[in-house]
Amino acid sequence: MNARSSVLDRAKSALQDDFLRGAVHFTTDRLRNRKQAVTEDFGHWEAWRDRGEAIRRHTIEHLDFYLGQFADNLERLGAHVHFCADASEALAAVTDIVRAKAAKRVVKSKSMVTEEIHLNHHLEELGVQVVETDLGEYIVQLAGETPSHIIIPAIHKTREQIKALFEADGGQNLTTETRDLVAFARRRLREMYLTADIGITGCNFAIAETGSMALFTNEGNADLVANLPKTHIVFMGMERILPTLADLEVFAHLLPKSATGQNTITYLSLITGPRRAGDGDGPEEMHVIILDNGRSRQLGDPDFQAVLHCIRCGACLNVCPVYRQIGGHAYGSVYPGPIGAVLSPLLEGGEAYQDLPYASSLCGACYEACPVKIPLHDMLVKERQRYVAKTGGKTGEKAAFATYRVAFSDHRRYLSAIRVARRLQGGFAKDGVIRAKIGPLAGWTDRRDFPALGQQTFREWWMARKRGTRRG
Ligand code: SF4
């Protein structure tokens, strides 16, 4: 389904997919349980969350200063810095580099920002072969799909499907054994690293005081992407800054523990400029593309600035009762789950994705899981409020709430409303629950129990009891 169909339609379709639901449950349960174990073992988790939140808040409040410091340091180190206001500026910058290098093949490590601007599609239109090197990203690329989880892109794929994709790519027979599949990917990707003209990585954190970029991976692929090709391009959202290396230490704990329940990440690489005279390896040329694309609109907004604190750990997805049922593709946006439901409409700024803030039960589990304490559930309500204020809301919904307000703001009207509702519910109530087959209530009662009104309210029972007592 395309991104412009409604989240409800996409969710209905995802709910029919038993394998998807099982796989998402299995993986998110594992990630959630591992996170709980590792954070309990580590201790003082709330204090680490407070520290993480304070660093991100301070950084975003002084983003102009830290971005300037980072860019100055990078240029001093010999890198080229490109500030890009939107996707088209970022794609134009990368086009110039690709043409200047006459590049034919690009290897990439995982980067959500490049998904955001549809970089792969653009490079392919320029005649450049793009190869994703994160194993999960490689799988979804071969499948012609997009990631369905921020951290585990191929969460929805079976072994059999992966085997078939690899066999089609490599023209050889494989088994479904993990060792066999991984060995195939390793061989295939190593050919690509060694023959690529350009390596493109994301950036987990950029360090303002040194001009360094920190990359967190479990496969070591980002190091090969950054160091083997002669040209390295880094894509980063403008908010990915930390002031100092000491701040990075806090996030070296918060990110892997929250994302995958790992005590520490397998490879944490710090890249500080291109190859210098005397260096044994590294790219000869480095470009850093810093993307705004709707982020600066959130600066100074008391309701939404904190969304820029996000470190893309995916922990909010793993606990979300909605994501856990429908998976990532049902959101129809690059960023799925609770963070996607908040971020996608904000970055887009127009009408797209305005239904995503409604894909939430507002339970607040995302806030509890978030290592930098972003109040996503409050933001979802505020996005709904803004949408209703802008569009005037739906006529039926407005009428329903007006009726509700009138009935529930006076106890006599409330009692009359209950009496009327009790009479009206007759045709729909069975075994103590209401099954509305038509109208807006049908969506609710399809999947949840809607208890029918009892023959007596508590108030009526109480009054009857009092009368009985007095009489007695
Ligand atoms: S909102 Fe919080 S929990 Fe969700 S991805 Fe961002 S940092 Fe992680």
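Me: Is the crossing of α15 and α17 left-handed or right-handed?
Reply: This one is a predicted model, so keep that in mind throughout. The two helices are α15, residues 337–348, and α17, residues 376–391. Their crossing is left-handed.

Me: OK, and are α15 and α17 parallel or oblique to each other?
Reply: Their axes come within 10 Å and cross at roughly 40 degrees. Roughly parallel would need an angle under 35 degrees, and roughly perpendicular takes 65 to 115. The α15 and α17 pair is therefore oblique.

Me: Which residues of α17 make the contact with α15?
Reply: On the α15 side you'll find Pro338, Ile339, Ala341, Val342, Pro345 and Leu346. Facing them from α17 are Leu376, Met379, Leu380 and Glu383.

Me: How many residues of the contact of α15 with α17 are nonpolar?
Reply: Start with the rest: the contact has no polar residues and 1 charged. Glu counts as charged, and Glu383 of α17 is part of the contact. The nonpolar count is 9.

Me: Now α3 and α12: what angle do they pack at?
Reply: Helix α3 covers residues 45–61, and α12 covers residues 245–260. Their axes are 10 Å apart, and the crossing is left-handed. The packing angle is about 120 degrees.

Me: So is α3 perpendicular or oblique to α12?
Reply: The angle is about 120 degrees. Roughly perpendicular stops at 115, and roughly antiparallel needs over 145. That makes α3, relative to α12, oblique.

Me: How many charged residues are in the contact of α3 with α12?
Reply: From α3, the residues include Arg49, Arg51 and Arg56. From α12, they include Asp247 and Lys257. Next to 6 nonpolar and 3 polar residues, the charged ones number 5.

Me: Which residues touch the most other members of the largest nonpolar core?
Reply: That core has 104 residues. Helix α12 gives the largest share of them, with 7 residues. The members with the most core neighbours are Phe70 and Phe235.

Me: What is Phe70 in contact with, leaving aside its neighbours within four places in sequence?
Reply: One stretch of partners includes Ala206, Ile207 and Ala208. Another group includes Gly211, Ser212 and Met213.

Me: How many residues are in the second, separate core?
Reply: Val131 and Ile162 are among its members. Phe184 and Tyr193 are also included. The size of this second core is 18 residues.

Me: Where is Ala102, and is it buried or exposed?
Reply: Ala102 sits in the loop between α5 (87–100) and β2 (105–108). Its phi is positive, about 50 degrees, although it is not a glycine. Exposed means over 50% relative accessible area; at 53%, Ala102 is exposed.

Me: What relative accessible area does His118 have?
Reply: His118 also has a positive phi, near 55 degrees, and is a residue other than glycine. You'll find His118 in the loop between α6 (112–116) and α7 (119–125). His118 is exposed, and its relative accessible area is 51%.

Me: Zooming out, what share of the residues in the protein chain is buried?
Reply: The chain has 21 helices and 12 strands, and its C-alpha trace spans about 100 × 55 × 45 Å along the principal axes. Buried here means under 20% relative accessible area. Of the 472 residues, the buried share is 49%.

Notes: Residues are numbered from 1 along each chain as its sequence is written. This is a predicted model: local features need pLDDT of at least 70, side-chain atom pairs count only at pLDDT 80 or more; totals for chains, interfaces and linings use all residues. Side-chain values use heavy atoms; hydrogens and water are left out. Axes are lines fitted to C-alpha atoms, for helices over the stretch in contact, and angles run from 0 to 180 degrees between N-to-C directions. Helices (H or I, at least four residues) and strands (E, at least two) are DSSP runs, numbered from the N terminus. A crossing is left-handed if the near helix is turned anticlockwise from the far one by less than a right angle, and right-handed if clockwise. Contact means heavy atoms within 4.5 Å. A nonpolar core is a set of buried Ala, Val, Leu, Ile, Met, Phe, Trp, Tyr and Cys residues joined through side-chain atoms within 4.5 Å. Buried means under 20% relative accessible area, exposed over 50%, partly exposed in between (1.4 Å probe, protein chains only).
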